[in-house]
Amino acid sequence: MSLIATLSRLEAVRTGRAQPAATVRHRHLSERPLVLVPLITAGEAGAPLGALVGTDRDAPRLLVVPQPRDRDLRFTFLAELADLVLPYVDAYGDVVEAAERSETDPETGKRVKVEVDLCANAPQLIVPSRTGIDFVRLLGRAMRFRRTAEQDPEAPHPAPPRVPLLGRWLTHFGERARVPGSSLLLALTDLLARHWATGQSSVEDQHLGALLAWIDPPEGESGDAAARRAELARDGDGQLLCPPAGPATDPAFDNKLLAPAIERYDRARAALAAAEDGLEADDRFGDLTAAEREIRALVESRTRPTWDAVWRGLDLLRELPEGAHATDRWTRDRWSFTGHRDRIIAGEPPQPRRDDAVTAANKLATREREQARLDAQEALDDPLVMAGRRLAGEAFAGEVTEVVMAYSEGKRPSPRPLVTVRTDDRPHLGERTKVYRSLGGKPQAAEFVGYDGPEGGDHGNLVVLRIVDKMGRGKEPEEGSVPQKGDPVCFTLFEHDQRGGAKLPDPEETPWTHGGPPGEPDAVPLPEQPDPPTEEDTL
Amino acid sequence: MTAPVSSAFSPGAAATRATDAILRDTLHGTHRGVVVDSPPGAGKSTLVVRAALELASAGRPLMIIAQTNAQVDDLVLRLAEKDDELPVGRLHSSDTDPYDKALDDLPNVRKSTKAADLAGLDVVISTAAKWAHVKGVEPWRHAIVDEAYQMRSDALLAVAGLFERALFVGDPGQLDPFAIVGSEQWAGLSYDPSASAVTTLLAHNRELPQHRLPVSWRLPASAAPLVSGAFYPYTPFRSGTDHGDRQLAFAVPSDGSGPDRVIDEAAEAGWGLLELPARHTPRTDPEAVRAVAQVVRRLLDRGGAATSERSEEPVPLTADRIAVGTAHRDQAASVRSALAALGVTDVVVDTANRLQGREYDVTVVLHPLSGRPDATAFHLETGRLCVLASRHRHACIVVCRAGVSELLDDHPSTEPVQLGVTVKFPDGWEANHAVLATLGEHRVAWRPSD
Amino acid sequence: MPPPRTPGTALGPRLAELRGPEVQPKALDARALAALAANPGCRRRALLDGAGVNKTALASALGSPSAFGMSQFAFMRGNAFEARVKADGGAELLRLVHEKLDPSAEPPTEAATPDLAAIGPQGRAARTALALREASASGGWALLDHPMLVLDVAGSPAFLEPDAVVVHPDGSWTVVEIKSFPMLDGAADPAKVGAAARQSAVYVLALEEVASRLETPAEVRHRVLLVCPKDFTNLPTAAAVDVRKQRAVTRRQLARLTRVEEIADALPEGTCFAPDLPREQLTAAVEALPAAYAPECLAACELAFHCRGRSREEGAVTSLGRSLRAELGGLTTAEDVLAAAHGMAGDPEDPTVAALRRAADLRAEALSAAAARAEGARCH
């Protein structure tokens with residue numbers, strides 16, 4: 001953790017309130033996000049108990065599985081979830097704008113620009129915490145290989161239509177969430193912790209209630225006290241006042257409230273099944289409905305506080321202005337969304353269980369590139385982030401004290417002005433180190449020439465740089481392309497933009513060192529088969 | 001190189017046998033790959049150069065893949081040293097200063113940013129990153145992959161289509177490659193892109209012959225058993241020289257100070273620990289940094305001379321034969337300024353990452369855990385300590401605050417475990433304990449104000 | 001290094017005194033022993049565990065009850081899965097051991113399942129040792145269901161009950177650990193696998209004690225078998241887990257438990273942790289034991305909320321995370337760090353102080369720049 005972040009946490013301790021960890025919002029927030037607050041059954045990560053879902057903070061839809069061990073009830077839950085989520089997702093697939101993309105022409109092998117559709121906006125899923133993201137992935141994995149009755153009339157337990165499709169979308173959201181800086185699927189705790197430093201540890205920041213308590217404590221209460229209450233306070237019945245944000249529930253809730261309610265439900269169902277005539281059945285049906293209603297009420301009582309907390313967190317985040325580059329990254333999310341939409345339309349099979357060698361390497365390369373991009377963009381957008389980079393010697397800010405015109409050697413000399421910057425920062429500059437500043441949103445490069453005077457003097461360092469590009473084609477630099485004496489400037493030692501890496505072979509060309517192409521004896525089998533159903537599946 | 005024989009086991013003969021077997025498999029074997037593990041200073045570069053020359057002279061053009069531009073340039077220079085008429089191509093990037101200017105003086109070396117310009121040359125050398133951009137060429141029949149343990153699996157994936165068969169050479173004990181983002185989702189897969197190239201290669205090709213160079217020509221007899229035992233527990237090696245074959249002597253006698261006493265201990269025993277009083281400090285602990293600088297200053301001032309199998313006469317211990325190793329860049333920067341304040345400007349001071357593959361007579365190391373309140377995975381990484389403890393031909397002096405042993409004992413060990421991932425040995429925690437135990441036998445406790 | 005063999009001299013009675021009269025020691029199970037490695041620098045935890053103090057009861061008596069509990073759903077699921085794995089004489093379990101650990105041995109079509117019933121833990125442990133010896137000598141497969149092992153911990157015996165131990169035809173032994181978290185497409189939650197590996201390592205050490213006492217010592221395999229539900233089913237699948245590292249760490253930490261005596265000796269006369277004592281007295285007793293609280297304790301120790309409260313009261317920076325300390329040198333409290341950062345204390349030549357001041361200046365500069373920008377935005 002950087003010393004600036006450490007100081008922010010300590011200031012939070014001192015003041016009893018979270019301190020800013022960012023001065024702008026570094027993630028795009030949709031006007032209309034879909035919030036999902038799921039619950040699962042303890043000990044069975046794959047058995048959903050229920051969820052609150054929706055885009056309207058005042059009218060969430062409650063889904064409940066009154067007996068999580070019952071396959072039919074789970075299928076009903078998944079089908080209902082698909083009916084809520086897919087129309088939301090699909091709506092964004094229908095509105096497109098024209099965009100350009102570079103593609104390799106299969107005939108000439110040259111890179112050419114082609115016009116393609118780009119979805120004008122994209123869906124955004126918000127879950128309360130990081131474990132919620134894991135759960136989205138788990139749901140995706142469980143659902144995407146399911147066969148519907150239409151696909152496979154022989155399937156022993158056919159999935160309701162649209163369930164496999166939702167599985168593919170949730171898988172896509174879950175994979176996209178691993179890309180640094182992406183916003184298609186976000187965990188609110190991560191989002192809040194990125195923007196505020198609390199007076200507790202990052203482990204404790206995983207508790208949504210405690211995190212919000214530090215950021216926005218009730219009038220007259222310190223964040224510390226409010227957070228402790230959110231974590232630990234229980235009612236007379238031994239139940240937490242602020243239930244965990246899930247998907248796991250509190251054992252006291254399971255043992256005291258949920259287990260007896262499920263037992264009543266099971267009894268009522270058994271009684272109904274054993275009913276001997278219509279009248280008796282009517283009666284017993286009433287009991288079953290009541291038992292079910294009770295479980296629904298229990299699930300709602302544990303999810304609604306989290307639901308409200310998520311929206312409150314979103315309100316707090318919306319008060320921060322969006323960082324300039326967050327929009328640029330959201331455009332990448334739109335490309336990602338559009339790409340998956342196109343794969344589904346093209347009838348491609350669901351994502352495999354595990355990536356092949358080439359896909360894995362491509363994903364890793366993309367994520368490393370996006371991480372570097374995110375680090376650079378956040379620093380450029382936010383002086384507080386840049387302060388951390390300056391402290392680490394990866395950037396420096398100061399004032400221009402002198403500009404001397406100079407030119408490159410050669411037949412057509414180009415401007416190579418020498419700029420001296422006075423800074424109190426201590427950048428890690430070495431011989432000919434490249435540095436960059438933002439000039440009209442584009443990076444301008446310079447080379448470190450040397451120090452004027454001693455390094456680390458009392459009046460700061462005098463850093464001499466040679467500007468090497470973005471000055472136009474003429475002999476004299478274009479207006480405004482060279483900083484002037486007295487200008488405040490900030491140079492970074494890191495690049496502002498990321499070059500694409502080398503293209504990897506196609507999966508069919510996987511070399512012998514990596515097991516050869518898929519389909520070879522040593523490689524991943526294709527296509528993926530559905531999970532064989534067994535007597536006691538959980539999802 | 002003269003290989004002193006002191007016992008029934010002749011290191012020279014053992015090394016020759018190993019090299020012969022490697023070359024036999026490389027030139028005449030039927031397998032697509034040959035893997036060679038090389039402990040520190042075991043003659044890896046010599047092997048690479050020799051294999052390249054033998055392949056070339058057998059009329060088999062080859063490509064060489066190294067990991068950094070410095071490694072590539074070094075290999076080009078070494079090849080030219082052995083055969084200044086061998087046609088060598090240096091494929092390089094289009095950045096500024098893409099290669100060592102010394103290459104411009106070699107008439108046999110052609111340089112280009114395009115592989116096509118270098119077609120037909122006996123040997124073409126570049127970095128893995130540059131090779132990855134080469135497309136649409138006829139594959140080479142042979143390749144040599146240098147520092148293969150420091151190469152990531154995805155980097156090998158990008159270049160493996162360029163050759164039919166390859167010799168993979170590297171040191172499994174040095175720093176592992178890493179990714180700047182999480183890669184847990186591929187843990188346990190044979191082709192995990194963040195794993196080392198050799199791990200993936202062997203997972204898919206278990207039948208490949210694996211060799212190992214059994215003798216370190218760099219490490220002295222005092223260091224080989226510790227480095228071998230602590231960092232290569234299942235692939236032991238020994239030193240090429242015996243106790244007494246190398247000597248380090250100083251013309252100026254000790255002034256009785258801590259630095260002088262630890263210098264004498266290290267000259268005698270090969271190891272020296274200058275232990276400062278226990279204290280929690282920032283990374284750039286001024287006292288420890290000053291102590292490192294003082295040791296270097298005294299090494300230079302006391303007229304050191306190194307006697308070894310390399311020459312008849314003792315060789316003066318000059319600044320270029322000494323290096324300082326640290327864990328972090330800011331520590332290296334602090335040591336540099338402390339040295340400058342003592343008038344020393346030409347001693348190499350660098351982090352473990354940058355010292356990989358380099359060799360000196362004496363090294364002075366700021367212990368990665370010195371003064372820390374706790375250990376971290378970074379500081380416990382076996383490769384880091386291994387690099388720092390295996391750069392020297394004569395002696396290694398470690399500067400450290402007391403209390404590291406307790407620090408290790410108090411280190412929580414609750415590491416997650418990924419199914420299917422081969423456990424890496426040795427464990428950094430155990431290796432650190434082993435190194436500390438040896439250093440403890442050569443300890444000079446010093447309170448700098450004394 | 002063999003596990004410690006502290007003579008049962010004065011330590012036993014001394015520890016009984018610390019627990020309080022009439023208070024039975026809380027038996028240490030493998031999970032508790034494995035947890036010794038979670039924070040080995042904590043003397044408070046070392047003594048309380050070593051003395052067999054019931055930390056759950058102590059935490060409640062101190063007014064900071066622990067938050068550990070188990071849902072009956074998880075409990076039922078775990079039991080049902082274990083029963084399923086061991087059904088049919090353990091045929092499926094033995095098949096998995098054969099497939100994952102010893103495929104070159106003959107298939108386990110027949111296996112001995114010795115009866116391990118006996119009176120009391122000592123009796124069961126003796127019965128287990130006998131059964132292991134016989135099975136090793138027999139040259140066939142054997143499955144020991146819930147054997148009883150004993151490990152010497154700081155001078156007193158800890159009784160441990162692994163889910164199962166399998167004896168191979170070559171006479172070697174394998175620890176089997178059955179967990180109810182899933183292996184999904186061959187991968188499982190690494191934190192949970194890590195915990196299972198540490199727990200198994202304790203069983204391996206205990207088995208090694210048994211093995212070392214045989215006339216022909218048996219080999220205890222250092223790869224254990226972890227059995228979990230496959231994907232979304234209740235069917236067992238398994239993976240071999242190499243526990244050499246965990247074994248080495250646990251062995252070293254067990255050896256260090258002899259410190260318990262030193263820690264106990266440093267306590268004031270009459271110190272006692274009996275949960276029925278008045279809260280003030282208990283608090284004082286606990287405070288007499290130096291703790292090394294860090295946020296990770298919240299997931300690993302029953303006393304964590306108590307220690308956290310104390311740590312926060314003292315303003316210890318570690319309560320915000322272990323990693324925070326790395327750049328703070330000798331400064332350990334929030335107050336000292338902030339004073340140094342704001343120029344109220346500390347030597348500016350000290351690199352820690354200098355770095356803190358630079359960090360504070362840069363932070364203030366950035367926040368005021370942002371505030372000015374926000375102000376500007378409001379004016380437009």
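**Stop 1: a helix in chain C.** Select residues 120–138 of chain C, which make up helix H6, with 19 residues. From first C-alpha to last, H6(C) reaches 27 Å, close to the 27 Å expected at 1.5 Å a residue (the expected span is 1.5 Å times one less than the number of residues). Helices here are DSSP runs of H or I with at least four residues, strands are runs of E with at least two, and both are numbered from the N terminus.

A word on what you're looking at: this is a predicted model, where local features need pLDDT of at least 70 and side-chain atom pairs count only at pLDDT 80 or more, while totals for chains, interfaces and linings use all residues. Residues are numbered from 1 along each chain as its sequence is written, and chains are lettered from A and ligands numbered from 1 in the order in which they are written.

Now colour the buried residues of H6(C): Arg124(C), Ala125(C), Thr128(C), Ala129(C), Ala131(C), Leu132(C), Ala135(C) and Ser136(C). Because they cover an arc of only 165 degrees around the axis, they sit on the same side of H6(C). "Buried" means 20 or more other C-beta atoms within 10 Å of the residue's own (exposed is 12 or fewer, partly exposed is in between), with C-beta atoms placed from the backbone. The arc is that of the directions from the helix axis to the C-beta atoms.

Stop 2: Two strands pair if DSSP finds at least two bridges between them.

Zoom in on E7 (residues 223–229) of chain C: seven bridges join E7(C) to E8(C), and the two run antiparallel. Click Cys228(C) and look across to E8(C), where the bridge partner is Thr237(C).

**Stop 3: where C touches A.** Select the contact, with 42 residues from chain C and 42 residues from chain A. Residues are in contact if their C-beta atoms, placed from the backbone, lie within 7 Å. On the chain C side, H5 (72–101), H12 (334–341) and H13 (351–379) each give two or more residues. H13(C) has the largest share, 12 residues.

**Stop 4: a strand in chain A.** Pick E14 (residues 461–467) of chain A: five of its seven residues are buried, so E14(A) is largely enclosed by the rest of the structure. E11 (residues 418–423) of chain A pairs with E14(A) in the antiparallel sense over six bridges. There, Leu418(A) stands opposite Arg466(A). E13 (residues 442–451) of chain A also pairs with E14(A) in the antiparallel sense, over five bridges. In that pairing, Gly450(A) has Val464(A) as its bridge partner.

**Last stop: where B touches A.** This contact takes 23 residues from chain B and 23 residues from chain A. Highlight H5(B) (153–159), which gives the most to the chain B side, with four residues.

Note on methods. Two residues are in contact if their C-beta atoms, placed from the backbone, lie within 7 Å.
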